[in-house]
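Hi,

Here is the structure I promised to pass on. Have a look at it first, then read my notes below.

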Amino acid sequence: MDNSVAPMVITDDGLQETAISSKTNPSKGRWRAAIFIIFVEMAERFAYYGVAGNLFTYLTNVLGEHTATAAKNVNTWVGVSAIFPLLGGFIADSYLGRFKTIIASSVIYLAGLLLMTLSVSVQSLRHHRAVFFTALYILSIGEGGHKPCVQTFAADQFDEDTVEEKKDKSSFFNWWYVGIVVGSTTAILVVIYVQDNVGWGLGFGMLAAAVAAALLLFLIGIRSYRRQRPVGSPLTRVMQVLVATARKLRVNETRYGRGVCLEDEGDGGVEEGGRRGRSLAPTNQFRFLDKATIIDDIDASTKVRNHWRLCPATQVEEVKLLFSLFPIWLSCLTFATVIAQMSTYFTKQGSTLERSIGSHFSIPPASLQVCTGLTILVSVGLYDRVLVPVARKFTGLPSGITMLQRIGTGIFFSMLTMVVAALVETKRISVAIDHGLTDSPRTTLPMKIWWLLPQYMLTGMCDVFTIVGMQELFYDQMPEEMRSIGAALYISTVGVGSLMSSAAISIVQAITSRAGGKWLGDNLNRAHLNYFYSVLAGCSALNLIVYIWVAKRFVYKKTGYDDPKGEQKKAAELA
């Protein structure tokens, strides 16, 4: 931002206006560019789920970890991998830009996969365990740069100021998630089978090859991308508003003010096509922050605006957006804790059940996650082609239902998932008791693994509504120059939820051990995993109530341009 630019103000003399160009290069972007990036994300998800989908099995069967320890290690790694994007998003928005961050993170990701392949292939390698975990967390670093940038970079290929492209963007988020599911489902079907039946080295080697191919494909499309330049640290803009507000807490606009700073020519992110960020309409939430826009005697006496004393209205509204999204972020953490069970205890349940198909083929316990992916593939298509058009007739919204309604529906499904999982686990324990297998944890129970299908399918429904809804909300409601951080915030809910799951396991173990029986012991036939699921179901029910309360008070972003169809107003009423 140029310090020499005078702010746009409202005074007794009237309003000064500055025109802002919104043109983009029509020869770049849109689906012809986004399709390259979608394939890159498919390959990255293929690699990620090739590791995460069967990590629990590797830790317990190869490294010999206890069930609870392995579950905590998986949750911790998933959590760290989902929190690092906060740093990656900050670096992308502040310094490197999304394009360069994607390239750098892909190289780091590839290095981690190559080291992991080496660690499981060379049996004589000293400190095998240490090398494996080092490779695992190098992947987390690569994930930190990749996740907040790739989706945002793809969405940037659609211009929000063009009606046709704005409609394409709404559909883009659904099909983006389809690409993610195709990549993850392929990994669960193919890679996990190779790891369990052929070898871990070949399995991880396939992942490295996929990431290398994805990087090459990304570079092939380099001439078709719309790129946004980094605009400096967005967190600095946030701190400027907070400091300016603190300095003027006792300033009254009518008594001491000389007007309000409405706009500054330096505001807004700038793309290579010359587009600037749009101004935001004023809102009534967090009104104490409006103090930062008041022009007092000190501001009026200086020719150059002090950014730490006076902030334009749009900058203040950007901070309000961050503040308003934080309660939504908090109310999605329990949802993420529930979802974390799929890659840990769901897999452990499956390992105790009858998994054979015919006389020669046995389903790897982690491969049942493919049912979640297939559920998502079918449900996204139905959602986009059936639910949205029907809902649109009643609500008048292009998206059919609001983003907040979509998230809330997924939170309800997460509660239902834990209820069903608890009932199925109760059935599994009763089968073990009836057949005298309570003390035989390695003996396969005479109960088909298909009993677990409902909880896997419900998890897919959770993703279709809440995960996709959060992706769209944290992109759409963030300031344009902070959208990488917005993507990182949504991803971080999964990370914090996984860490909460790890903490919950430790707490439950500690409490139940003192009571004389572990709920989460290695022998699931004597454990009480169904009680743990029931607790999570109760927490999800309480969380749903909190979420509804928070969503009712959420105010959607309002831009400074006209909204002739009243879509923003309708969204606010329906939220």
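**The largest cavity**

Eight helices each put at least two residues into the lining of the largest cavity: helix 1, helix 2 (67-96), helix 4 (128-155), helix 5 (163-197), helix 11 (333-339), helix 13, helix 15 (453-476) and helix 16 (483-514). Before you go further, keep in mind that this is a predicted model. The biggest contributor to that lining is helix 5, with six residues. The volume of the largest cavity comes to about 660 Å³. Its lining has 34 residues, and Arg 45, Tyr 48, Tyr 49, Ile 339 and Val 494 are the ones closest to the centre. Sorted by class, the lining of the largest cavity holds 19 nonpolar, eleven polar and four charged residues. In all, six cavities of 30 Å³ or more turned up.

**The second largest pocket**

Next, an open space. The second largest pocket has a volume of about 610 Å³. Its lining is made of 24 residues, with Thr 60, Asn 61, Lys 348, Ser 351 and Arg 442 lying nearest the centre. By class, four of the lining residues are nonpolar, 13 are polar and seven are charged. Helix 1 provides the largest share of this lining, four residues. Both helix 1 and helix 12 (345-351) supply at least two residues each to the lining of the second largest pocket.

**Overall make-up and core**

Stepping back a bit: the protein has 18 helices and seven strands. It runs to 575 residues, and 57% of them count as buried. If you take the contacts between residues at least 6 apart in sequence, 82% of them join residues at least 24 apart.

In soluble globular proteins, nonpolar side chains tend to be buried together. Here, the largest nonpolar core has 144 residues, and the ones with the most contacts inside it are Val 51, Trp 77, Leu 113, Phe 132, Ile 328, Leu 473 and Tyr 533. Helix 1 (residues 31-62) gives the most to this core, 16 residues.

Is Glu 425 buried or exposed? Glu 425 has 0% relative accessibility, so it counts as buried. You'll find Glu 425 in helix 14 (residues 403-434). Not counting residues up to four places away in sequence, Glu 425 touches Gln 349, Leu 524, Leu 529, Asn 530 and Tyr 533. Of these, Leu 529 is 104 residues from Glu 425 in sequence, yet the two are 7.0 Å apart in space, C-alpha to C-alpha.

Thr 493 is in helix 16. With a relative accessibility of 2%, Thr 493 counts as buried, because the cut-off for that is under 20%. Its contacts, leaving aside neighbours within four places in sequence, are Trp 329, Leu 333, Ala 336 and Met 470. How far apart are Thr 493 and Leu 330 in sequence and in space? Thr 493 and Leu 330 are 163 residues apart in sequence and 7.8 Å apart in space, C-alpha to C-alpha.

Ser 324 sits in helix 10 (residues 313-331). Its relative accessible area is 6%, so Ser 324 is buried too. Not counting residues up to four places away in sequence, Ser 324 touches Gln 285, Phe 286 and Phe 554.

**Backbone details**

Most residues other than glycine have a negative phi. Phe 286, though, has a positive phi, near 50°. Phe 286 lies in the loop between strand 3 (260-264) and helix 9 (297-300). With 30% relative accessibility, Phe 286 counts as partly exposed.

Where does helix 13 bend? Helix 13 (residues 370-395) bends by about 40° at Tyr 383. After helix 13 comes Gly 396, with a positive phi near 80°.

Those are my notes for now.

Cheers

Terms used: Residues numbered from 1 in each chain as written. Predicted model: local features only at pLDDT ≥ 70, side-chain atom pairs only at ≥ 80, totals over all residues. Heavy atoms only, no water. Core = buried A, V, L, I, M, F, W, Y, C linked by side-chain atoms within 4.5 Å. Buried < 20%, exposed > 50% of the residue type's maximum accessible area, 1.4 Å probe, protein only. 1 Å grid on protein atoms, 1.4 Å probe; cavity = no way out; pocket = protein on both sides within 12 Å on 5 of 7 lines; lining within 4 Å. Points joined across faces, edges and corners; volume = space filled by probe spheres on them. Nonpolar A, V, L, I, M, F, W, Y, C, P; charged D, E, K, R; others polar. Bend = angle between axes of the 7 residues up to and from the residue. Contact = heavy atoms within 4.5 Å.
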